[in-house]
Amino acid sequence: MKESLHYCSPAHGGWGPIRMTQLVPESQLLFCCPSACFRHGALGAFQHGYKNRMAYLYLTREDIIRGYDDILLEGAEEYLCRLEGRLKVLFLFVSCLDDFIGTDLEAILAELSERHPDIMFRACHMNPIAADTKLPPLVTAYQSMMSLLPIAETKHRAVGLFGNNVKLPESSDLRLLLSRIGEELIELPDMEDFASFQRLGAVRAAIITEPYAKPGASRLAERNRIPALFQPVSYSLSEIKQNYEALGQALGHDFSGELIDWEEKAKAEIAKTREALGELPLLISDSAVRRPFALAETLHAYGFCVREVSLSKLLPIEREAKTRLSESLPSLRIREALAPERTLDYAQQERSDTLAIGSEVAYYAGSRHLLDLASDEGMYGYDGLIRLMRSLRESAAEEADLRTSIEAYGGIV
(Lines give C-alpha, C1' and ligand atoms only; values in the text may rest on other atoms or scores of the structure.)
Protein backbone atom coordinates (compact mmCIF):
# COMPACT_ATOMS: atom_id res chain seq x y z
CA MET A 1 0.00 0.00 0.00
CA LYS A 2 1.35 3.43 -0.94
CA GLU A 3 1.80 5.95 1.87
CA SER A 4 0.44 9.22 0.50
CA LEU A 5 -2.37 11.69 0.83
CA HIS A 6 -5.45 9.78 2.03
CA TYR A 7 -9.04 10.02 0.88
CA CYS A 8 -11.81 9.00 3.27
CA SER A 9 -15.11 8.32 1.56
CA PRO A 10 -18.50 9.10 3.14
CA ALA A 11 -18.81 5.35 3.68
CA HIS A 12 -15.70 5.22 5.88
CA GLY A 13 -17.12 4.45 9.33
CA GLY A 14 -16.94 1.86 12.07
CA TRP A 15 -15.10 1.74 15.37
CA GLY A 16 -12.38 4.13 16.47
CA PRO A 17 -10.75 4.65 19.90
CA ILE A 18 -13.39 7.09 21.18
CA ARG A 19 -16.36 4.92 20.32
CA MET A 20 -14.62 1.79 21.58
CA THR A 21 -13.85 3.17 25.04
CA GLN A 22 -17.55 3.96 25.42
CA LEU A 23 -18.11 0.21 25.75
CA VAL A 24 -16.75 0.42 29.31
CA PRO A 25 -19.84 0.90 31.52
CA GLU A 26 -20.03 3.85 33.92
CA SER A 27 -17.22 5.64 32.12
CA GLN A 28 -16.88 9.16 30.78
CA LEU A 29 -14.45 10.68 28.30
CA LEU A 30 -12.79 14.10 28.32
CA PHE A 31 -11.07 15.01 25.05
CA CYS A 32 -8.48 17.77 25.43
CA CYS A 33 -7.56 19.29 22.06
CA PRO A 34 -7.76 22.29 19.71
CA SER A 35 -11.20 23.02 18.27
CA ALA A 36 -10.36 21.61 14.84
CA CYS A 37 -9.67 18.19 16.37
CA PHE A 38 -13.02 17.66 18.04
CA ARG A 39 -15.48 18.55 15.28
CA HIS A 40 -15.42 15.06 13.78
CA GLY A 41 -15.58 13.35 17.18
CA ALA A 42 -18.45 15.53 18.37
CA LEU A 43 -20.50 14.70 15.28
CA GLY A 44 -19.67 11.02 15.76
CA ALA A 45 -20.91 11.19 19.36
CA PHE A 46 -24.28 12.40 18.10
CA GLN A 47 -24.38 9.76 15.34
CA HIS A 48 -23.54 6.86 17.63
CA GLY A 49 -25.61 7.98 20.63
CA TYR A 50 -23.08 8.71 23.37
CA LYS A 51 -22.98 12.53 23.35
CA ASN A 52 -23.93 12.54 27.04
CA ARG A 53 -20.88 10.48 27.98
CA MET A 54 -18.14 12.75 26.72
CA ALA A 55 -16.98 16.36 26.79
CA TYR A 56 -14.34 18.46 25.07
CA LEU A 57 -11.79 20.76 26.66
CA TYR A 58 -10.81 23.39 24.11
CA LEU A 59 -7.09 24.24 24.02
CA THR A 60 -6.13 27.62 22.55
CA ARG A 61 -2.97 28.45 20.64
CA GLU A 62 -1.64 30.18 23.77
CA ASP A 63 -2.30 27.05 25.85
CA ILE A 64 -0.29 24.97 23.41
CA ILE A 65 2.63 27.40 23.41
CA ARG A 66 2.78 27.68 27.21
CA GLY A 67 1.97 24.05 28.02
CA TYR A 68 -1.34 22.87 29.39
CA ASP A 69 -0.69 20.37 32.20
CA ASP A 70 -2.52 22.58 34.72
CA ILE A 71 -5.37 23.20 32.27
CA LEU A 72 -5.93 19.46 31.82
CA LEU A 73 -6.00 18.97 35.57
CA GLU A 74 -8.39 21.87 36.12
CA GLY A 75 -10.58 20.79 33.20
CA ALA A 76 -10.86 17.26 34.55
CA GLU A 77 -11.80 18.64 37.98
CA GLU A 78 -14.50 20.84 36.51
CA TYR A 79 -15.93 17.97 34.48
CA LEU A 80 -15.99 15.69 37.53
CA CYS A 81 -17.84 18.38 39.51
CA ARG A 82 -20.47 18.65 36.78
CA LEU A 83 -20.93 14.87 36.77
CA GLU A 84 -21.35 14.84 40.55
CA GLY A 85 -19.50 11.53 40.95
CA ARG A 86 -21.72 9.48 38.64
CA LEU A 87 -18.89 7.43 37.14
CA LYS A 88 -16.24 4.78 37.80
CA VAL A 89 -13.76 5.64 35.03
CA LEU A 90 -12.60 8.81 33.30
CA PHE A 91 -10.70 8.46 30.02
CA LEU A 92 -8.53 11.50 29.37
CA PHE A 93 -7.90 11.76 25.61
CA VAL A 94 -5.24 13.99 24.04
CA SER A 95 -4.64 14.65 20.34
CA CYS A 96 -1.56 14.03 18.21
CA LEU A 97 0.00 17.40 19.01
CA ASP A 98 0.63 16.04 22.50
CA ASP A 99 3.14 13.59 20.99
CA PHE A 100 5.27 16.64 20.16
CA ILE A 101 4.63 18.64 23.32
CA GLY A 102 5.08 15.79 25.80
CA THR A 103 2.49 16.56 28.48
CA ASP A 104 3.17 14.63 31.70
CA LEU A 105 -0.08 12.67 31.60
CA GLU A 106 1.06 10.16 34.21
CA ALA A 107 1.58 12.95 36.73
CA ILE A 108 -1.85 14.38 35.93
CA LEU A 109 -3.49 10.97 36.36
CA ALA A 110 -1.64 10.39 39.63
CA GLU A 111 -2.86 13.73 40.99
CA LEU A 112 -6.43 13.02 39.94
CA SER A 113 -6.30 9.52 41.48
CA GLU A 114 -5.10 10.98 44.77
CA ARG A 115 -7.93 13.51 44.81
CA HIS A 116 -10.57 10.98 43.69
CA PRO A 117 -9.58 7.50 44.93
CA ASP A 118 -12.99 6.06 44.02
CA ILE A 119 -12.50 6.84 40.31
CA MET A 120 -10.08 5.17 37.88
CA PHE A 121 -8.27 7.43 35.40
CA ARG A 122 -6.72 6.38 32.10
CA ALA A 123 -4.94 8.34 29.37
CA CYS A 124 -5.59 7.68 25.68
CA HIS A 125 -3.94 9.14 22.58
CA MET A 126 -5.89 10.07 19.48
CA ASN A 127 -2.75 10.30 17.36
CA PRO A 128 -3.21 9.28 13.71
CA ILE A 129 0.52 9.93 13.22
CA ALA A 130 1.06 6.63 15.07
CA ALA A 131 -1.27 4.68 12.76
CA ASP A 132 1.61 2.89 11.01
CA THR A 133 3.54 2.06 14.19
CA LYS A 134 3.21 -0.94 16.51
CA LEU A 135 1.10 1.16 18.87
CA PRO A 136 -1.66 2.87 16.87
CA PRO A 137 -4.55 4.57 18.70
CA LEU A 138 -6.86 1.51 18.72
CA VAL A 139 -4.16 -0.66 20.30
CA THR A 140 -3.25 1.78 23.06
CA ALA A 141 -6.90 2.60 23.80
CA TYR A 142 -7.72 -1.10 24.18
CA GLN A 143 -4.67 -1.54 26.43
CA SER A 144 -6.01 1.25 28.65
CA MET A 145 -9.39 -0.48 28.80
CA MET A 146 -7.86 -3.83 29.73
CA SER A 147 -5.70 -2.23 32.45
CA LEU A 148 -8.95 -1.47 34.31
CA LEU A 149 -9.46 -5.18 34.95
CA PRO A 150 -8.10 -6.61 38.22
CA ILE A 151 -5.79 -9.56 38.73
CA ALA A 152 -8.14 -12.41 39.62
CA GLU A 153 -7.01 -15.28 41.80
CA THR A 154 -10.40 -16.99 41.57
CA LYS A 155 -11.68 -17.69 38.07
CA HIS A 156 -15.25 -18.02 36.84
CA ARG A 157 -16.25 -21.01 34.71
CA ALA A 158 -16.27 -18.67 31.77
CA VAL A 159 -14.52 -17.77 28.52
CA GLY A 160 -13.91 -14.12 27.71
CA LEU A 161 -14.31 -12.80 24.17
CA PHE A 162 -11.98 -9.87 23.51
CA GLY A 163 -12.08 -7.53 20.52
CA ASN A 164 -15.73 -7.92 19.55
CA ASN A 165 -17.62 -4.64 19.79
CA VAL A 166 -21.07 -6.12 19.20
CA LYS A 167 -22.55 -8.95 21.26
CA LEU A 168 -22.80 -12.35 19.59
CA PRO A 169 -26.43 -13.39 18.95
CA GLU A 170 -28.18 -15.99 21.05
CA SER A 171 -27.92 -18.35 18.06
CA SER A 172 -24.10 -18.34 18.33
CA ASP A 173 -22.59 -21.82 18.30
CA LEU A 174 -19.83 -20.60 20.62
CA ARG A 175 -22.35 -19.47 23.21
CA LEU A 176 -24.42 -22.66 22.93
CA LEU A 177 -21.48 -25.08 22.96
CA LEU A 178 -19.92 -23.41 26.01
CA SER A 179 -23.26 -23.48 27.81
CA ARG A 180 -23.54 -27.25 27.29
CA ILE A 181 -20.29 -27.85 29.19
CA GLY A 182 -21.15 -25.42 31.99
CA GLU A 183 -19.08 -22.50 30.71
CA GLU A 184 -20.33 -18.93 30.34
CA LEU A 185 -19.40 -16.59 27.49
CA ILE A 186 -18.50 -13.12 28.79
CA GLU A 187 -18.36 -10.22 26.31
CA LEU A 188 -17.62 -6.54 26.76
CA PRO A 189 -20.68 -5.32 24.75
CA ASP A 190 -22.92 -7.25 27.13
CA MET A 191 -21.73 -5.45 30.28
CA GLU A 192 -24.38 -3.28 31.97
CA ASP A 193 -22.28 -1.85 34.81
CA PHE A 194 -18.66 -1.57 35.87
CA ALA A 195 -18.90 -4.49 38.30
CA SER A 196 -19.99 -6.84 35.52
CA PHE A 197 -17.28 -5.42 33.24
CA GLN A 198 -14.64 -6.46 35.77
CA ARG A 199 -15.78 -10.08 35.46
CA LEU A 200 -13.87 -10.09 32.18
CA GLY A 201 -10.73 -10.18 34.28
CA ALA A 202 -11.77 -13.40 36.01
CA VAL A 203 -12.34 -15.73 33.04
CA ARG A 204 -10.35 -18.94 32.70
CA ALA A 205 -9.63 -18.60 28.97
CA ALA A 206 -9.54 -15.71 26.50
CA ILE A 207 -10.50 -15.67 22.82
CA ILE A 208 -9.07 -12.63 21.01
CA THR A 209 -10.79 -11.83 17.72
CA GLU A 210 -9.12 -8.55 16.71
CA PRO A 211 -5.44 -7.79 16.03
CA TYR A 212 -5.73 -4.44 17.84
CA ALA A 213 -7.02 -6.23 20.97
CA LYS A 214 -4.18 -8.75 21.05
CA PRO A 215 -1.55 -6.74 23.00
CA GLY A 216 -3.95 -5.62 25.74
CA ALA A 217 -5.86 -8.89 26.08
CA SER A 218 -2.66 -10.98 25.95
CA ARG A 219 -1.14 -8.90 28.72
CA LEU A 220 -4.28 -9.41 30.82
CA ALA A 221 -4.14 -13.16 30.17
CA GLU A 222 -0.48 -13.26 31.17
CA ARG A 223 -1.21 -11.36 34.40
CA ASN A 224 -4.04 -13.74 35.26
CA ARG A 225 -2.20 -16.86 34.06
CA ILE A 226 -4.87 -18.02 31.62
CA PRO A 227 -4.59 -19.27 28.01
CA ALA A 228 -5.11 -16.63 25.30
CA LEU A 229 -6.28 -17.84 21.88
CA PHE A 230 -5.87 -15.45 18.96
CA GLN A 231 -8.78 -16.38 16.69
CA PRO A 232 -9.78 -13.67 14.20
CA VAL A 233 -13.25 -14.20 12.77
CA SER A 234 -13.11 -16.77 9.98
CA TYR A 235 -15.67 -18.02 7.46
CA SER A 236 -13.59 -21.06 6.53
CA LEU A 237 -15.00 -24.41 7.64
CA SER A 238 -11.54 -25.85 8.30
CA GLU A 239 -10.35 -22.81 10.26
CA ILE A 240 -13.50 -22.72 12.38
CA LYS A 241 -12.93 -26.36 13.26
CA GLN A 242 -9.29 -25.68 14.15
CA ASN A 243 -10.38 -22.82 16.43
CA TYR A 244 -12.70 -25.14 18.34
CA GLU A 245 -9.97 -27.74 18.63
CA ALA A 246 -7.69 -25.14 20.21
CA LEU A 247 -10.46 -23.95 22.54
CA GLY A 248 -11.19 -27.55 23.54
CA GLN A 249 -7.55 -28.10 24.48
CA ALA A 250 -7.57 -24.94 26.60
CA LEU A 251 -10.73 -26.04 28.44
CA GLY A 252 -10.00 -29.77 28.59
CA HIS A 253 -12.96 -30.71 26.39
CA ASP A 254 -13.28 -32.33 22.96
CA PHE A 255 -15.85 -30.45 20.86
CA SER A 256 -15.44 -32.62 17.74
CA GLY A 257 -18.62 -34.68 18.19
CA GLU A 258 -20.72 -31.57 18.80
CA LEU A 259 -19.45 -29.79 15.69
CA ILE A 260 -20.75 -32.30 13.13
CA ASP A 261 -24.29 -30.93 12.99
CA TRP A 262 -23.06 -27.34 12.84
CA GLU A 263 -20.72 -28.13 9.95
CA GLU A 264 -23.49 -29.87 8.01
CA LYS A 265 -25.81 -26.89 8.49
CA ALA A 266 -23.10 -24.56 7.25
CA LYS A 267 -22.38 -26.71 4.18
CA ALA A 268 -26.08 -26.76 3.29
CA GLU A 269 -26.27 -22.95 3.52
CA ILE A 270 -23.15 -22.59 1.35
CA ALA A 271 -24.64 -24.82 -1.36
CA LYS A 272 -27.98 -23.01 -1.25
CA THR A 273 -26.32 -19.60 -1.50
CA ARG A 274 -23.97 -20.62 -4.30
CA GLU A 275 -26.97 -21.76 -6.36
CA ALA A 276 -28.93 -18.58 -5.59
CA LEU A 277 -26.09 -16.20 -6.52
CA GLY A 278 -24.83 -18.01 -9.59
CA GLU A 279 -22.18 -15.85 -11.30
CA LEU A 280 -23.10 -12.62 -9.49
CA PRO A 281 -19.73 -10.87 -8.83
CA LEU A 282 -18.81 -10.30 -5.18
CA LEU A 283 -16.82 -7.30 -3.95
CA ILE A 284 -15.30 -7.40 -0.45
CA SER A 285 -14.29 -4.45 1.73
CA ASP A 286 -12.13 -4.42 4.84
CA SER A 287 -14.76 -2.11 6.31
CA ALA A 288 -17.01 -5.19 6.44
CA VAL A 289 -14.56 -7.90 7.49
CA ARG A 290 -11.19 -7.63 9.17
CA ARG A 291 -9.66 -10.19 6.78
CA PRO A 292 -10.97 -9.45 3.27
CA PHE A 293 -8.36 -11.59 1.49
CA ALA A 294 -9.09 -14.55 3.74
CA LEU A 295 -12.80 -14.19 2.99
CA ALA A 296 -12.10 -13.82 -0.75
CA GLU A 297 -10.01 -16.99 -0.68
CA THR A 298 -12.71 -18.85 1.24
CA LEU A 299 -15.58 -17.74 -1.01
CA HIS A 300 -13.55 -18.55 -4.13
CA ALA A 301 -12.92 -22.05 -2.74
CA TYR A 302 -16.66 -22.42 -2.11
CA GLY A 303 -17.30 -21.67 -5.80
CA PHE A 304 -18.45 -18.03 -5.67
CA CYS A 305 -17.47 -15.40 -8.22
CA VAL A 306 -15.12 -13.06 -6.32
CA ARG A 307 -14.12 -10.01 -8.36
CA GLU A 308 -12.57 -7.43 -6.03
CA VAL A 309 -11.07 -6.69 -2.62
CA SER A 310 -11.04 -3.11 -1.33
CA LEU A 311 -8.84 -2.28 1.65
CA SER A 312 -7.36 0.63 3.56
CA LYS A 313 -4.39 -1.28 4.96
CA LEU A 314 -2.94 -4.74 4.52
CA LEU A 315 -2.75 -6.42 7.93
CA PRO A 316 0.16 -8.81 8.59
CA ILE A 317 -2.28 -11.69 9.17
CA GLU A 318 -3.56 -11.17 5.59
CA ARG A 319 -0.28 -11.42 3.70
CA GLU A 320 -0.32 -15.19 3.17
CA ALA A 321 -3.92 -15.21 1.93
CA LYS A 322 -3.12 -12.36 -0.48
CA THR A 323 -0.11 -14.28 -1.83
CA ARG A 324 -2.14 -17.46 -2.33
CA LEU A 325 -4.91 -15.53 -4.10
CA SER A 326 -2.43 -14.05 -6.57
CA GLU A 327 -1.90 -17.62 -7.79
CA SER A 328 -5.37 -19.15 -7.41
CA LEU A 329 -7.33 -16.07 -8.54
CA PRO A 330 -5.04 -13.84 -10.66
CA SER A 331 -8.03 -11.90 -12.03
CA LEU A 332 -8.84 -10.50 -8.56
CA ARG A 333 -8.86 -6.71 -8.53
CA ILE A 334 -7.36 -4.93 -5.50
CA ARG A 335 -8.65 -1.42 -4.80
CA GLU A 336 -6.77 0.84 -2.37
CA ALA A 337 -9.62 2.49 -0.48
CA LEU A 338 -7.62 5.46 0.78
CA ALA A 339 -5.91 6.36 -2.51
CA PRO A 340 -6.69 9.96 -3.63
CA GLU A 341 -8.01 8.76 -6.99
CA ARG A 342 -10.96 7.15 -5.15
CA THR A 343 -12.55 10.61 -5.19
CA LEU A 344 -13.35 10.00 -8.86
CA ASP A 345 -14.76 6.48 -8.54
CA TYR A 346 -18.31 7.29 -7.48
CA ALA A 347 -18.74 10.20 -9.88
CA GLN A 348 -17.51 8.31 -12.93
CA GLN A 349 -19.21 4.93 -12.68
CA GLU A 350 -22.77 3.73 -13.19
CA ARG A 351 -24.61 1.36 -10.90
CA SER A 352 -23.13 -2.11 -11.39
CA ASP A 353 -24.80 -5.48 -11.05
CA THR A 354 -22.49 -6.59 -8.26
CA LEU A 355 -22.97 -7.59 -4.63
CA ALA A 356 -20.77 -5.62 -2.26
CA ILE A 357 -19.85 -6.93 1.16
CA GLY A 358 -19.38 -3.65 2.99
CA SER A 359 -20.66 -0.10 2.42
CA GLU A 360 -17.29 1.33 1.44
CA VAL A 361 -16.70 -0.85 -1.63
CA ALA A 362 -20.39 -0.50 -2.53
CA TYR A 363 -19.88 3.28 -2.62
CA TYR A 364 -16.80 3.04 -4.83
CA ALA A 365 -18.24 0.46 -7.23
CA GLY A 366 -21.87 1.65 -7.31
CA SER A 367 -23.10 -1.84 -6.45
CA ARG A 368 -26.79 -2.56 -6.84
CA HIS A 369 -26.67 -5.05 -3.98
CA LEU A 370 -25.16 -4.58 -0.53
CA LEU A 371 -24.50 -6.87 2.41
CA ASP A 372 -24.36 -4.23 5.12
CA LEU A 373 -21.77 -5.78 7.46
CA ALA A 374 -19.22 -3.83 9.51
CA SER A 375 -16.01 -5.18 11.07
CA ASP A 376 -17.38 -8.75 11.40
CA GLU A 377 -19.83 -7.39 14.00
CA GLY A 378 -21.56 -10.21 15.87
CA MET A 379 -19.85 -12.87 13.77
CA TYR A 380 -17.96 -15.92 15.00
CA GLY A 381 -17.83 -19.63 14.21
CA TYR A 382 -20.32 -21.68 12.22
CA ASP A 383 -23.21 -19.40 13.13
CA GLY A 384 -21.33 -16.44 11.65
CA LEU A 385 -20.76 -18.38 8.43
CA ILE A 386 -24.41 -19.45 8.27
CA ARG A 387 -25.65 -15.91 8.79
CA LEU A 388 -23.20 -14.61 6.17
CA MET A 389 -24.63 -17.05 3.61
CA ARG A 390 -28.22 -16.13 4.42
CA SER A 391 -27.38 -12.43 4.26
CA LEU A 392 -25.77 -12.89 0.84
CA ARG A 393 -29.00 -14.43 -0.49
CA GLU A 394 -31.14 -11.69 1.01
CA SER A 395 -28.85 -8.95 -0.33
CA ALA A 396 -28.83 -10.44 -3.84
CA ALA A 397 -32.63 -10.43 -3.89
CA GLU A 398 -33.04 -6.67 -3.41
CA GLU A 399 -31.49 -3.41 -4.57
CA ALA A 400 -29.60 -1.52 -1.89
CA ASP A 401 -30.36 1.95 -0.53
CA LEU A 402 -26.71 2.93 -0.17
CA ARG A 403 -27.33 6.42 1.19
CA THR A 404 -29.40 5.09 4.09
CA SER A 405 -26.76 2.44 4.86
CA ILE A 406 -23.96 5.02 4.95
CA GLU A 407 -25.93 7.33 7.23
CA ALA A 408 -26.65 4.44 9.60
CA TYR A 409 -23.01 3.37 9.57
CA GLY A 410 -21.82 6.70 10.95
CA GLY A 411 -18.36 8.26 10.81
CA ILE A 412 -15.41 6.54 12.42
CA VAL A 413 -14.34 8.04 15.77
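This is a short talk about one protein chain, from its overall build down to two residues.

Okay, ground rules: this is a predicted model, so local features need pLDDT of at least 70 and side-chain atom pairs count only at pLDDT 80 or more, while totals for chains, interfaces and linings use all residues. Numbering runs from 1 along each chain as its sequence is written, and side-chain values use heavy atoms, with hydrogens and water left out.

Big picture, then. The protein chain has 18 helices and 13 strands, meaning DSSP runs numbered from the N terminus (helices H or I, at least four residues; strands E, at least two). Its C-alpha trace spans about 65 × 55 × 35 Å along the principal axes. Of the 413 residues, 55% are buried; buried is under 20% relative accessible area, exposed is over 50%, and partly exposed is in between, with a 1.4 Å probe and protein chains only. Contacts (heavy atoms within 4.5 Å) are worth a look too: among those with a separation of 6 or more, 75% join residues 24 or more positions apart.

Now, two residues. Ser 144 sits in helix 7, residues 137-146. Is Ser 144 buried or exposed? Ser 144 counts as buried because its relative accessibility is 10%. Leaving aside residues up to four places away in sequence, Ser 144 touches Arg 122, Ala 123 and Cys 124.

Over to Phe 100, which belongs to helix 5, residues 98-101. With a relative accessible area of 67%, Phe 100 is exposed. That's me done, so let's look at the model.
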